[in-house]
Amino acid sequence: MQFDQFIGQVQHRARLASRGEAERVTRVVLQTLAERLAGGEAKDLAAQLPMIVKEYILDYPQAGAGRDMKLREFYEQIGERLHAPMPEAAFWARAVMSVVQDAVSAGELQDVRAQLGQEFAPLFEWEGQK
């Protein structure tokens with residue numbers, strides 16, 4: 001998947017008004033996810049994402065920090081960073097992750113999900129997906 005297609009899908013699924021907004025939401029969601037992942041998992045995920053999108057993770061100093069946060073805290077952090085209410089942030093996060101699921105291998109997705117744990121399963125739920 002190419003960058004333009006990735007961002008276009010995020011914009012469509014998250015129902016965002018502009019491409020710039022889709023890029024900003026994607027960056028915040030992926031950086032917050034990268035902060036939650038430990039060790040090299042954030043870099044492994046980034047390696048399978050399109051150019052520019054992967055840089056959101058690779059250029060983020062906190063990537064791989066393994067920050068302990070529950071799913072609610074994850075959504076709240078995204079909301080704070082985007083100046084949005086938590087339900088909207090949760091919707092955007094699931095939209096971004098639905099596109100990530102389309103862009104990376106099943107094995108990589110399984111590695112990310114295993115590290116996040118069962119509590120994060122709702123992050124990977126998207127209407128229309130199996």
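**View 1. R67 and E35 pair across the chain.**
R67 is partly exposed, with a relative accessible area of 31%. This is a predicted model. R67 forms a salt bridge with E35, and the closest N and O atoms are 2.9 Å apart. The pair joins distant parts of the chain: R67 sits in the loop between helix 4 and helix 5, E35 sits in helix 2, and 32 residues separate them. E35 has 6% relative accessibility, so E35 counts as buried. Side chains of opposite charge can pair when their charged atoms come close.

**View 2. D102 and R13 form a salt bridge.**
Their side chains meet at 2.7 Å, N to O. D102 belongs to helix 6 and R13 to helix 1, 89 residues apart, so distant parts of the chain are linked. D102 is partly exposed, at 43% relative accessibility. R13 is buried, with a relative accessible area of 17%.

**View 3. E76 and R72 pair within helix 5.**
Here the closest N and O atoms are 3.1 Å apart. The two residues are four apart in helix 5, about one turn of the helix. E76 counts as partly exposed, at 30% relative accessibility. R72 counts as exposed, at 54%. The salt bridge count comes to six.

**View 4. Helix 1 crosses helix 2.**
Helix 1 covers residues 3-13 and helix 2 covers residues 19-36. Their axes come within 9 Å and cross at roughly 95°. Angles of 65 to 115 degrees count as roughly perpendicular, and the two helices are therefore roughly perpendicular to each other. From helix 1, F3, D4, F6, I7, V10 and Q11 meet R19, A22, E23 and T26 of helix 2. These contact residues divide into five nonpolar, two polar and three charged. A network of salt bridges links D4, R19 and E23.

**View 5. F6 sits in the largest nonpolar core.**
This core has 47 residues. F6, L30, L45, L49, F74, V100 and L123 touch the most other members. Elements giving two or more residues include helix 3 (41-47), helix 4 (53-58) and helix 7 (106-116). Helix 6 gives the most, with eleven residues. Leaving out residues up to four places away in sequence, F6 touches M1, T26, L49, P50, V53, V99, V100 and A103. In soluble globular proteins, nonpolar side chains tend to be buried together.

**View 6. Q31 is a buried residue of helix 2.**
Its relative accessibility is 17%. Beyond its neighbours within four places in sequence, Q31 is in contact with Y56, Y60 and R81.

Note on methods. Residues are numbered from 1 along each chain as its sequence is written. This is a predicted model: local features need pLDDT of at least 70, side-chain atom pairs count only at pLDDT 80 or more; totals for chains, interfaces and linings use all residues. Side-chain values use heavy atoms; hydrogens and water are left out. Axes are lines fitted to C-alpha atoms, for helices over the stretch in contact, and angles run from 0 to 180 degrees between N-to-C directions. Angles under 35 degrees count as roughly parallel, over 145 as roughly antiparallel, 65 to 115 as roughly perpendicular and the rest as oblique. Contact means heavy atoms within 4.5 Å. Ala, Val, Leu, Ile, Met, Phe, Trp, Tyr, Cys and Pro count as nonpolar, Asp, Glu, Lys and Arg as charged, and the others, Gly among them, as polar. A nonpolar core is a set of buried Ala, Val, Leu, Ile, Met, Phe, Trp, Tyr and Cys residues joined through side-chain atoms within 4.5 Å. Buried means under 20% relative accessible area, exposed over 50%, partly exposed in between (1.4 Å probe, protein chains only). A salt bridge is a side-chain nitrogen of Lys or Arg within 4 Å of a carboxyl oxygen of Asp or Glu.
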